[in-house]
Amino acid sequence: MKKIYLICSLAVFLLIAAGISYFLIRDASVKVPANITLINQNGESYNFGEDKKIKLVEFIYTHCPDICPTTTQKMVELKDDLEKRNVFGKEIEFVTITIDPYRDTPELLQKYMNAFEIQNSDNWIFLTGDQENIKADQKKIREVAESLKFQYKDPGNGQFVHTSFIYLLDENNKYISKFPMGEDFDKQEVYEEIMDELE
């Protein structure tokens, strides 16, 4: 009886270990395609292959009632800490991508930025699609999201259902780590991970 118990316990342990290994390997191979170009808050083109900086990537939609604005506010506080170390904009940039490009025009993204007192600069970029090419750009946004294993869906009422992680990428857009959004976003943990990566 003890032998069966040990064998079953070992089998369960191996299955759990295999599952954890799968997700670690899967995440480690994640990379945003460098050829994707979207439109920023000023209506200018932004290409993921051009900026050779570490990136903290956040997905939002401006009509989100809770988790998105909470995360953005915490990122504002994180930005302030990184500015004190003189690395924000020089060695790391923030990239916020809307998953609702039909409604989130560059003008609306600027209003969202203003609500959080985020300076309009190249250090924190807000991305959407070109309204004249919106279907194609919506596919590009989904390609970026899927490359990072971020999932979202509009159930038809304009209130998106989405996974709740933000992503730290290296200068080649390769995955470093991910962090929870909303109230579970630990500013200090993210700050330390960024500084460890920069040192």
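Arg 103 is partly exposed, at 31% relative accessibility (partly exposed sits between buried, under 20% relative accessible area, and exposed, over 50%, with a 1.4 Å probe and protein chains only). Its partner is Asp 100: the two form a salt bridge, with the closest N and O atoms 2.5 Å apart. A salt bridge here is a side-chain nitrogen of Lys or Arg within 4 Å of a carboxyl oxygen of Asp or Glu. Asp 100 itself is buried, at a relative accessible area of 6%.

A word on what we're looking at. This is a predicted model, where local features need pLDDT of at least 70, side-chain atom pairs count only at pLDDT 80 or more, and totals for chains, interfaces and linings use all residues. Residues are numbered from 1 along each chain as its sequence is written, and side-chain values use heavy atoms, with hydrogens and water left out.

**Confidence**

The protein chain has a mean pLDDT of 88, and 85% of its residues reach 70 or more; pLDDT is the predictor's confidence in each residue, from 0 to 100. Helices (H or I, at least four residues) and strands (E, at least two) are DSSP runs, numbered from the N terminus.

**Salt bridges**

Side chains of opposite charge can pair when their charged atoms come close. The whole structure holds 6 salt bridges, among them these:

| Glu 83 | Lys 79 | 3.5 Å |

Take Glu 83 and Lys 79. They are 4 residues apart in helix α2 (residues 67-84), so about one helical turn separates them. Glu 83 is partly exposed at 40% relative accessibility, while Lys 79 is buried at 11%. Asp 80 joins in too: Lys 79, Asp 80 and Glu 83 are linked in a network of salt bridges.

Over in helix α4 (residues 134-147), Asp 137 and Lys 140 lie 3 residues apart, about one turn of the helix. Asp 137 is buried at 3% relative accessibility, and Lys 140 is partly exposed at 27%.

**Thr 72**

Back in helix α2 we find Thr 72. Is Thr 72 buried or exposed? It's buried, with a relative accessible area of 0%. Leaving aside neighbours within four places in sequence, Thr 72 touches Glu 58, Ile 60, Tyr 112, Phe 116, Ile 118 and Trp 124.

**Asn 47**

Asn 47 belongs to strand β2 (residues 45-47) and is buried, at 14% relative accessibility. Which residues does Asn 47 contact, leaving aside its neighbours within four places in sequence? They are Ala 34, Asn 35, Ile 36 and Thr 37. With Thr 37, the side chains make a polar contact of 2.9 Å. A polar contact is a pair of N or O atoms within 3.5 Å; within protein, one must be able to donate a hydrogen and the other to accept it, and residues adjacent in sequence count only if both atoms are side-chain atoms. As for Ala 34, its backbone oxygen lies 3.4 Å from a polar atom of the Asn 47 side chain.

Definitions and conventions:
Contact = heavy atoms within 4.5 Å.
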